[in-house]
Amino acid sequence: MVERAPLWSVLALPAVLGAFALAGAMLDATFAARADGRRLTLAELGAPLRGAARLLVTQRRTTLAPDAVLWRLGGGAVVVVALLASAVTPLGRWSVSDLGIGVVWWTALLALLWVAVWLLGWGPSSPYALVSGYRFVAQALAYEMPLAITVITVAVAAGTLRVGGIIAGQAHLWYGVWMPLALFDYLVGALALAFWGPFRAPVAADTAGGVQAELAGVDRLVFLVGRYLVLAAAAAFTVPLFLGGGAGPLLPDWAWTVLKTLVVLGVLVAARWRLPLVRMDRFEEWSWIVLLPLTLAQLFVVCVVVLVAAA
Amino acid sequence: VELTGRLRRFALARAHLFLVEAPGGVRTRLAAERAARERGWPLVDSPADADVLVVCGGEGAAFDEVVDQVWAAVPAPRWLLRLAPDAGVDQVGQALPDARDAMLERPGGNHPQLAHALARPAAHHANGDDHPHSGHRHGDGNGHGDVHSPGDGEGEGGHAVHGGGMEMLGGLTVAERAADRDGLQLDVLHVPLGPALPDWPAGLRLRLALQGDVAQQVELDPLPSGEWASPTFWDRPWLESLAGKPVSVRDAERHRATAHLDSLARLLRLAGLAGDVRRCRRLRDDLLDGTAVGQVQRGFAPVAGRLRHSRLLHWSLDGIGVLDAGAARQLGVTGPALRAAGADEDLRRGDPAYPGFTPVVGHGGDVTARLLQWVGEIEASLAMGATSASQAMRPVEGRHESPRGVIGAGRAPSVGLLEALPRLLTGLDLAMVRLVVASLDPDLAELQGWRPLEAAHG
């Protein structure tokens, strides 16, 4: 079903993922305007674009005794990781590369965020940024295991690590429907790895913006774009894993993919406006004591179902 | 050039604001927050993301130093806007676009970059002056002590840290080592919190010894108190009533609800409820504007419902910064912070202008309890503000129940709140420190002439 798109799709990928990221940023801006009681005008919708232009015309900034190379590397890595990971995410029937190990590729690349965000915290030699970089590592300890096992659960159900195969496995029933716990798990993981909404502690107000506290000008722009790209990448990957890929009546495959991605993205963005920050130690505890066993139980059930179906 | 100019005008049409509030500058901050909200100008968390540095009230050498240091961290184009503590809504609403336009004309800004305030990391504070944590006090009495030697700048607004004459790395002090609570040898960083932090009591500065993100030691070090503007805006109706001017229950309760809504918005911002922060600020501004109380009640009801029933919120805040009734009384804490611990002490009971008054009483005395206490008291005050006749309130034994507690005799209510901090904060991580401070929200403008006691350190 999923086929490899021509080589030029490598160039299309940043544009498509960037469009989703922009949609996320615009939706976020509309939530802000609504909560503030401002009328929703074109200027409100365009706030993210204006913000990007602003960062292009403002001065970059450095700090006293920074680890400049690692600091800038961290910001750039966020963007690169999101783009590379999305190479295996299909848009309708096309995928930049439907690797045989697609889900492993995606998970492994997004695990590189650990390094990227930590470097952003380490770089400026600022205690707030440093503390926030470590917050992300602590958060990753909580979300990474359940997320990885969830993705494995889906792969077990489909009997393949290939994203195209996983979509084919949902021809009759979406995995999101018969594995609701895995879908929930995945969405929690998606929010946490994009440090968004209840998991935004690494960039929270209490530490003056956390890892972004010292970023200005184009460096800040790179980081912000990267963060929205990660959010978009996480939302987009929900579609092949849990929502049947591009399958759907009437509309073409690519339109269904876009539609489903936007819905998931909307849910993730809305979470930021409705849910409070989760306390890190509580999340850590809940994740290991409640979420992880449940995730393993889900994996066990799926394994049994697969074996019974095969027999 | 023309194109660049137009791009710049487009890009900076909505200038990002970083607000620094001096004690006594509340009204100006409220006006600035309101103008920013109506225009859709973002209020940012760190000076690195700011275009216009808005200073609300405040004068004096120590405060100027804070402004210089924050200014050093603002990237160009930038502008410094100093607003008088009594600037009105219209005045501030006009000053903001003026500042933006001026900034577009002169991107370099209107304030010199001072040598002693070189751009440090917005939160890194280190210098070589060597006083150990206990001995020397900064900023006591008049003037600003002796700590502001050249080179002791940093951006976020805190000041020098007790470096203890340590090794320096490019001008920054390298962390020292000390045993943590489990006896492990860990790095210690000395970091001041405040006074130029958003959602932070104006003029408050804490000196933390951080191991990782845990505050192992907390000292109070507020800005010198000679600089407060006189009587705080939040206490005004009660101070007026004490001075013999008749103030109606309706007006006083309206003012109380406004004060609590402001405190609540600041706490919610740290708790991460982005939507309700903005709603609370809006309701607060509506009350200041003279909007009918009934309308504000309708606006607040869904917010209150969410705060009461959000299990995720309670799960995250429960058990932090517990101040039980006994400890609160011992520290001289009154008002909502005491009632949140289960005590039903409220002077309004004894005031004949409040017939049949029953205080709102919480339980637990933690951050959740204090948050819900504000929610309950806002609802109660709005209800009284909507129905009470214009009867004048009367002091009870020369005292009144103000938003932060009993005023009129003895110490100002914020003194107790402030002195509770070192004990409550020691051993908490940075996120919790911010939450606990916001949940007590001392108003330093109440503290004329107060200075921290040595005994008050944690």
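Guide: Start with one helix. A:Y175 and A:W178 both sit in helix α9 (residues 175-178) of chain A, 3 residues apart, about one turn of the helix. Helices here are DSSP runs (H or I, at least four residues), numbered from the N terminus. This is a predicted model: local features need pLDDT of at least 70, side-chain atom pairs pLDDT 80 or more, while totals for chains, interfaces and linings use all residues. Residues count from 1 along each chain as written, chains are lettered from A and ligands numbered from 1 in written order, and side-chain values use heavy atoms, without hydrogens and water.

Visitor: Are A:Y175 and A:W178 buried or partly exposed?

Guide: Buried means under 20% relative accessible area, exposed over 50%, partly exposed in between (1.4 Å probe, protein chains only). A:Y175 is buried at 2%. A:W178 is partly exposed at 29%.

Visitor: What angle lies between the planes of A:Y186 and A:F242?

Guide: Rings of Phe, Tyr and Trp (its six-membered ring) pair with centres within 6.5 Å; planes under 30 degrees apart are stacked, over 60 edge-to-face, the rest tilted. For A:Y186 and A:F242 the angle is 55 degrees and the centres are 5.6 Å apart, so the pair is tilted. A:Y186 and A:F242 are 56 residues apart, in helices α10 and α11 of chain A.

Visitor: Which salt bridge partner does B:D49 have?

Guide: A salt bridge puts a side-chain nitrogen of Lys or Arg within 4 Å of a carboxyl oxygen of Asp or Glu. B:D49 pairs with A:R54, with the closest N and O atoms 3.4 Å apart. The rule finds 5 salt bridges across the interface of chain A and chain B.

Notes:
Helices (H or I, at least four residues) and strands (E, at least two) are DSSP runs, numbered from the N terminus.
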